[in-house]
Amino acid sequence: MFFYLESLFLIYYSGDFCNFATYNLYRSTMAEELVIDKEAGKAEKYQELMPQLEALVKNEKDVIANMANISAALWQTFHFFWVGFYRVVDEELVLGPFQGPIACTRIRRGRGVCGSAWKEGKTLVVPDVDQFPGHIACDCASNSEIVLPIHVNGEIWGVLDIDSPYVGRFTEDDREGLTK
Ligand code: SME
């Protein structure tokens with residue numbers, strides 16, 4: 001009790017009370033919570049999520065922070081098994097921020113679903129990874145996958161990779177929803 005009162009006293013008299021108040025105001029105005037209707041279908045959830053994602057990243061210029069929050073938001077909304085980014089670095093895809101179990105760190109161009117989406121420059125929806133020649137199994141619990149190339153200034157900058165344990169989990173709704 002004494003220590004509690006003493007710290008309040010110190011905070012107040014050291015001028016940090018103002019910072020404390022500002023901190024609480026800051027906390028109350030941050031858009032830290034996603035508002036998603038749990039009963040909504042996949043397409044509706046993407047519609048609800050995208051403007052919130054935009055708001056989350058628009059004032060932050062650090063690309064790592066934004067990739068981290070985007071993967072967390074997608075994971076939180078859809079409960080994917082694995083969702084994350086790979087960046088093109090020195091002619092390879094290198095693992096970036098993600099949510100889920102540990103994953104392969106580097107993928108060569110044209111290898112696996114990620115390397116193929118990069119090489120072909122298009123989104124790949126793989127309903128059953130066992131049917132995809134050369135699929136890289138980072139985790140055997142993953143059975144379907146969607147990989148979207150990310151274009152920056154006309155070049156492929158990286159890919160967004162999402163995995164699910166369910167065969168046929170990804171459909172046109174995901175391709176459309178994630179492309180927006
Ligand atoms: N399965 C991917 C490798 C990345 S992990 O799934 C996270 C592929 O075939 O490219």
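In helix α5, the residues Gly112, Val113, Cys114, Gly115, Ser116, Ala117 and Trp118 are buried. Here buried means under 20% relative accessible area, exposed means over 50%, and partly exposed covers the range in between, with a 1.4 Å probe and only protein chains taken into account. Helix α5 spans residues 112-120, and seven of its nine residues are buried, so the helix is largely enclosed by the rest of the structure.

The model is a predicted one, in which local features need pLDDT of at least 70 and side-chain atom pairs count only at pLDDT 80 or more, while totals for chains, interfaces and linings use all residues. Residues are numbered from 1 along each chain as its sequence is written, and side-chain values use heavy atoms, with hydrogens and water left out.

### The chain as a whole

The protein chain contains six helices and six strands. Both kinds of element are DSSP runs numbered from the N terminus: helices are H or I runs of at least four residues, and strands are E runs of at least two. Along the sequence, these elements follow the pattern α-α-α-α-β-β-β-α-β-β-β-α.

Of the 180 residues in the protein chain, 34% are buried. Among contacts between residues at least 6 apart in sequence, 45% join residues at least 24 apart. A contact means heavy atoms within 4.5 Å.

### The sheet

The six strands form an open sheet in the order β3-β2-β1-β6-β5-β4, with antiparallel pairing. Strands β3 (106-108) and β4 (124-126) stand at the edges with a single partner strand each, so one side of each has no neighbour in the sheet. On average, neighbouring strands of this sheet are turned by 25° against each other, direction ignored. Two strands count as paired if DSSP finds at least two bridges between them.

Strand β1 (residues 82-89) pairs with strand β6 (residues 155-164) in the antiparallel sense over six bridges. Within this pair, Arg87 has Gly158 as its bridge partner, and Phe85 has Leu160. On β2, antiparallel pairing with β1 also runs over six bridges, and Tyr86 stands opposite Leu95. The hairpin of β1 and β2 has two residues between the strands, and Asp90 there takes a positive phi near 50°.

Nine bridges join β5 and β6 in the antiparallel sense, with Pro149 opposite Val159 in β6. Strands β4 and β5 run antiparallel and are joined by three bridges; Leu124 stands opposite Val147 in β5.

### Packing of helices

The buried residues of α5 pack against β1, β2 (92-99), β3, β4, β5 and β6. Just after α5, Gly121 takes a positive phi of about 65°. Helix α6 (residues 172-179) lies across β4, β5 (144-152) and β6, at about 25° to β5. Such angles run from 0 to 180 degrees between N-to-C directions of axes, which are lines fitted to C-alpha atoms, for helices over the stretch in contact.

### The ligand

Polar contacts, pairs of N or O atoms within 3.5 Å, are listed below.

| Ligand atom | Protein atom | Distance |
|---|---|---|
| oxygen | polar backbone atom of Val113 | 2.9 Å |
| nitrogen | side-chain N or O atom of His135 | 3.3 Å |
| oxygen | polar side-chain atom of Asp163 | 2.7 Å |

The protein covers 99% of the 310 Å² of accessible area that the ligand has on its own.

### Loop residues with positive phi

Most residues other than glycine have a negative phi. His79, which is not a glycine, has a positive phi of about 55°. His79 is placed in the loop between α4 (63-78) and β1 and counts as exposed at 62% relative accessibility. Asn153, in the loop between β5 and β6, likewise has a positive phi, near 50°. With a relative accessible area of 77%, Asn153 is exposed. The hairpin that contains Asn153 in its turn has two residues between β5 and β6.

How values were computed
Polar contact = N/O pair within 3.5 Å; in protein donor to acceptor, adjacent residues only side chain to side chain. Areas by Shrake-Rupley, 256 points an atom, 1.4 Å probe, with all protein chains shown as cover.
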